[in-house]
Amino acid sequence: MVSQKRIESLLKLAIGIVMIVILNQLAGLFPLRLDLTEEKRYSVTPATRALLNDLQETVYVEVFLEGEMPAGFKRLRQAIEETLNQFDYYSAGLVQVDFIDPSAALNEKARNEYFRSLFERGLQPTNLSYKRDGNKTEKLIFPGAIVSYFGQEVPVMLLNGSQSASSEERLNQSIEGLEYELANAIRILANDRRKTVALIEGHGEPDSLNLAGLTNALLEKYDVFNVRLGDRARNLSRYDAVIFPKPTTSFSAPEKFQIDQYIMNGGKALFFVDALRVNMDSASGEGTFAFPYELELDDMFFKYGVRVNRDYVQDIVCGEYPIVAGNMGDQAQIRMLPWPFFPLVNNFGNHAIVKNLDVVSMKFVSTIDTVKADGIEKIPLLKTSQYSMVNQAPVKVAFNELRKNLDPERFNQGSKNVSYLLKGKFTSVFKNRILPKGIDKSNFKEYGAETSILICSDGDMIRNEFSLKDGTPLELGLSSYSQLKFANKDFVMNALDYMLNDQGLIVSKNKSFAIRPLDKVKVANEKLKWQVINLLLPIALLIIYGLARAYWRKKKYADFK
C-alpha cells in the first residue's frame, strides 16, 4: 500500500518536472511579456519595435552614467538600463550596452583627457552638487550615451526636460523621453536614405549666416537644399519638407500655386512668418512703428484653417534686450532690460512635438486665430503666458518702454496662440478660381492628400545669434548675451521628426510617468503602525497556517483510524 503511493508520488513529480521543462522550452520559442504598470513603462511603441526588428547588425550603446550619484540620477540610470533591456529583447539580442564611469580614471590628467574626448564626441557635461554623508560633494557627469551602428556613431543627451521645472520633475521628463531619444539615434544611423528639406529663398529671407544654426541642425538628420520657387529644375515634389524661413517680400500667384499644389500632393510645409515689420535701428527715443508685411499668403492660410493677425503680443514673461546705460571712460555700459516684445514661451499645447520642451525664445510675435476648414485638425503648439496683451497694427516700438515697470494689470488679456500644427486633407486655395497664366491645368488638384502644415507667427525664432567675441554664428537658440540655451532648435527638429516620420517614433514622447511622492506627514504619523504590521503580520499568518495544518492532519488521521 505504502509502496504504491510512493510510486504514484514519484510519477506525479516526474510528470511535473517534464511539464516545467516543456513550458520553459515553449517560453523560449514563444516569449511573452506582460506590462502591468499603469503607464506601460516597460513597453515600447510599435514604431520602435519595427525599427529594432529591422536591425541588421549589433548596436553598441555606451552610457556614461555610472558610479556615485544622487538618488535621482540613480533612478535615471536604472530607467536607461530598463529601456535598453527592452531594446535588446525586441531586437533579438542586437543591442549591446556598456555603462561607464568617466571619473574612474587613475589620475586627474587621464580623467581630464577622457572628459575632453567625450566633449569632442558631442556629449555635454553637467556639474552635480549634492550631499554625501552630510558633506557637500561636487561631481562632473556626462548624462548621455554614444550609440554606434555599422561603424558610425551619434551622441545622445539623456538629461532633458524643461529647466524651469524642479530637479525631480526634470529627471522624470528625461525618463519619459528615453525611448524616443535612444530609438531616434538608432533610426538616424540605420536609415539608408536621408530625407530632404528645402529652405525657400528669393523673398528677402535671412542670409546663410543668419540661418547657419538652423542649417547645421537640419544637416544632422536631413539633406538640405536652398530652393527658389518657379525654378523647374527644383520642383518642390523632390523634397520631403519645405521650410519658409521669414520671407519679407510678396509671393506671386504662380509661386503660391506651386506651394499650394505641393501641399495638395502631400508635401509637408513649415511657415515661420512675420505679420509686421519693424526697424529696430529706429526704435531709440520715441521709437518707430511696425507695419504689415504684404506676403500675399493670408488667403492661403485662411483656406487652410488659420489667420495670422496683424498685431504684436507683449508678454510679461519675456527675454531681455541690451541698451546702453551710460559710459565708463570710452567703454559703453550695456544693461539688459526686460523687453515684452520678446516672449519666452513655456506654455505649450498637448502634443508630442512640444512635450517636455524647454523654453522657446521668440521675437515680435503675432496672434493666430483658427477659422473654419472642413476636415482639418488644428492643434495649438506654442502659447504666450497668461500675462499678455495684444497691440494692433500699427504698433509703436520704442526703447523708452524698456524703462517702464512691467505692471501685471496691463498684461491682462490672457494666453495667446502663436503656433499651430494643421493636419488633414486640405482644400486648394485655387479651387473655383482662375488659375495663373502659364500653369498646366491637367494636374491641378482641388483637394489634397493627407498631410500636415506648421505655421508659426515669428520668423526670427529660426534665426541664430552671433558670438560677441568673434562674430561667428551661434547654435540656434543660444543667446549671445546671457549664454542661455533655448529650445528653438528642439522645436523645429521635433516638428520635422513628427511630420516626416509618419508620426512614428515621436509618439513615444507621449509616455507619461507619474511622480508618486510619499506623504511625509502621513509617513511620520503612521510609521509605527506599519512597522508593527510588517513585522508581526507575517509571523501571525505563519502561526495560523501551522495550527490549521496541524488540526487538519489530526482530523484526517482520526478519521483513518
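**View 1. Strand β23 sits inside the sheet.** Nine of the 11 residues of strand β23 (residues 417–427) are buried, so this strand is largely enclosed by the rest of the structure. Buried here means under 20% relative accessible area, exposed means over 50%, and partly exposed is in between (1.4 Å probe, protein chains only). Strands are DSSP runs of E with at least two residues, helices are runs of H or I with at least four, and both are numbered from the N terminus. A quick note on what you're looking at: this is a predicted model, where local features need pLDDT of at least 70 and side-chain atom pairs count only at pLDDT 80 or more, while totals for chains, interfaces and linings use all residues. Residues are numbered from 1 along each chain as its sequence is written, and side-chain values use heavy atoms, with hydrogens and water left out.

**View 2. The neighbours of β23.** Strand β20 (residues 376–383) pairs with β23 in the antiparallel sense over seven bridges; two strands pair if DSSP finds at least two bridges between them. Look for K378 opposite L422 of β23. β23 also pairs with β24, again antiparallel, over eight bridges, and here T427 faces Y447 of β24.

**View 3. The whole open sheet.** Eight strands line up as β8-β7-β9-β10-β24-β23-β20-β17, with mixed pairing. β8 (223–228) and β17 (347–348) are at the edges with a single partner strand each, so one side of each has no neighbour in the sheet. β10 (residues 268–272) and β24 (residues 447–456) run parallel, joined by four bridges, and L270 has L454 in β24 as its bridge partner.

View 4. The side chains of D497 and R187 meet in a salt bridge at 3.7 Å, N to O. D497 belongs to helix α10 (residues 488–500) and R187 to helix α6 (residues 178–190), so the pair ties together parts 310 residues apart in sequence. A salt bridge means a side-chain nitrogen of Lys or Arg within 4 Å of a carboxyl oxygen of Asp or Glu. D497 counts as buried at 2% relative accessibility, and R187 counts as buried at 13%.

View 5. E153 and R121 join their side chains in a salt bridge at 3.1 Å, N to O. E153 lies in strand β6 (residues 152–157) and R121 in the loop between α4 (108–120) and β3 (126–132), so they tie together parts 32 residues apart in sequence. E153 is partly exposed, at 40% relative accessible area, and R121 is partly exposed at 27%.
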